Amino acid sequence: MTVDPDKLLQCAIDAARAAGNHALENIKRRTEVIVRTAHDVKLQLDRESQAKAVACIKSRFPEHCILGEEDENRSMTRPACEALWIVDPIDGTVNFSHGLPLWCSSVAVAVGNDSVAGAVYAPVLEKLFTARVGAPAMCNGSPIRVSSVSKLSEAIVMTATDHNDDGRFPPLARLKAISSSVHKTRVMGSAAIDLCHVACGAADGYFEGRIYPWDVAAAGLIVEQAGGRSEILRESPDGVLCYLATNGTIHEDLRKALDGLLP
Ligand code: LIP
């Protein structure tokens, strides 16, 4: 990779800010829906905010490839580019559309299969989480670190009640398995913010059975650079991930608590 990692990180920050600020400035339009499904929603502002992030990336790295949650003809096959930018313009879209504050913009850049820099910007929380390989993760410019909690019984674990239940691995059974092993579970509606909470030690673990690369590409790196561990437990052919991230210390125990309940 020939590009300076600090330049990649700065572009990730600027692209995440461009997307997040566009959504925030237009928050009165948060109910402009393009598609509503039983448990999800696509907003006009998802598309517009992605366009802001993409314009920022293209102006600096026109030769790189971009994978965005809102791409019209999305392909999960990794293109043959020097670098792949992975964009989630609004992570926590349902929260955003209802006026809840937990949503963010996430931008990562990957070389091969690994993120090398990423930014998660939560405008209402006024938090910018950043990381690049070889340097500590930061929140608003100060280094952050995962917690030192070592017992599952003392841990807070962020998760989701994923709705695409294929019948074999019911999400509520997983929720029950996690809840009975840990101090508290939390379902807050933005995977990237959940992971950043693990990175800064406010939570100790995160698990989701069905999550997309754009939800975790930046924040997973932020967890790792904050001293934690992230792991793709399963990857389905359509690119959906079963994903675990922790402070590192509780990782094996949390994985064991999920034994027999993974897709
Ligand atoms: C959402 C997440 C949420 C998760 C959903 C979804 P979106 O992302 O961050 O926490 O449970 O599966 O992926 O669609 O708002 O970008």
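Which atom of isoleucine 90 lies 3.3 Å from an oxygen atom of the ligand? In this predicted model, a backbone N or O atom of isoleucine 90 is at that distance from the ligand oxygen. In glutamate 208, a polar side-chain atom lies 2.6 Å from an oxygen atom of the ligand. In aspartate 215, an N or O atom of the side chain is 3.2 Å from a ligand oxygen. On its own the ligand has 380 Å² of accessible area, and the protein covers 83% of this.

The shell can then be read by element. β4 (84–91) and β12 (205–211) are the elements that give two or more residues to the shell around the ligand. Of the elements, β4 gives the most, with 3 residues. In total, 13 residues surround the ligand, and the closest are Asp91, Gly92, Thr93, Ala191 and Glu208. Sorted by class, the shell has 4 nonpolar, 4 polar and 5 charged residues.

Next comes the protein interior. In soluble globular proteins, nonpolar side chains tend to be buried together. Here the largest nonpolar core has 39 residues, and the members that touch the most others are Val120, Ile144, Leu195, Tyr206, Ile222 and Tyr243. Helix α6 (residues 213–225) gives the most to this core, with 8 residues.

Tyrosine 206 shows what such a position looks like in detail. Apart from its neighbours within four places in sequence, tyrosine 206 is in contact with residues including Val157, Met158, Ala191, Leu195, Val216 and Tyr243.

Definitions and conventions. Residues numbered from 1 in each chain as written. Predicted model: local features only at pLDDT ≥ 70, side-chain atom pairs only at ≥ 80, totals over all residues. Heavy atoms only, no water. Core = buried A, V, L, I, M, F, W, Y, C linked by side-chain atoms within 4.5 Å. Buried < 20%, exposed > 50% of the residue type's maximum accessible area, 1.4 Å probe, protein only. Helix = DSSP H or I, 4+ residues; strand = E, 2+ residues; numbered from the N terminus. Contact = heavy atoms within 4.5 Å. Near = heavy atom within 4 Å. Polar contact = N/O pair within 3.5 Å; in protein donor to acceptor, adjacent residues only side chain to side chain. Areas by Shrake-Rupley, 256 points an atom, 1.4 Å probe, with all protein chains shown as cover. Nonpolar A, V, L, I, M, F, W, Y, C, P; charged D, E, K, R; others polar.
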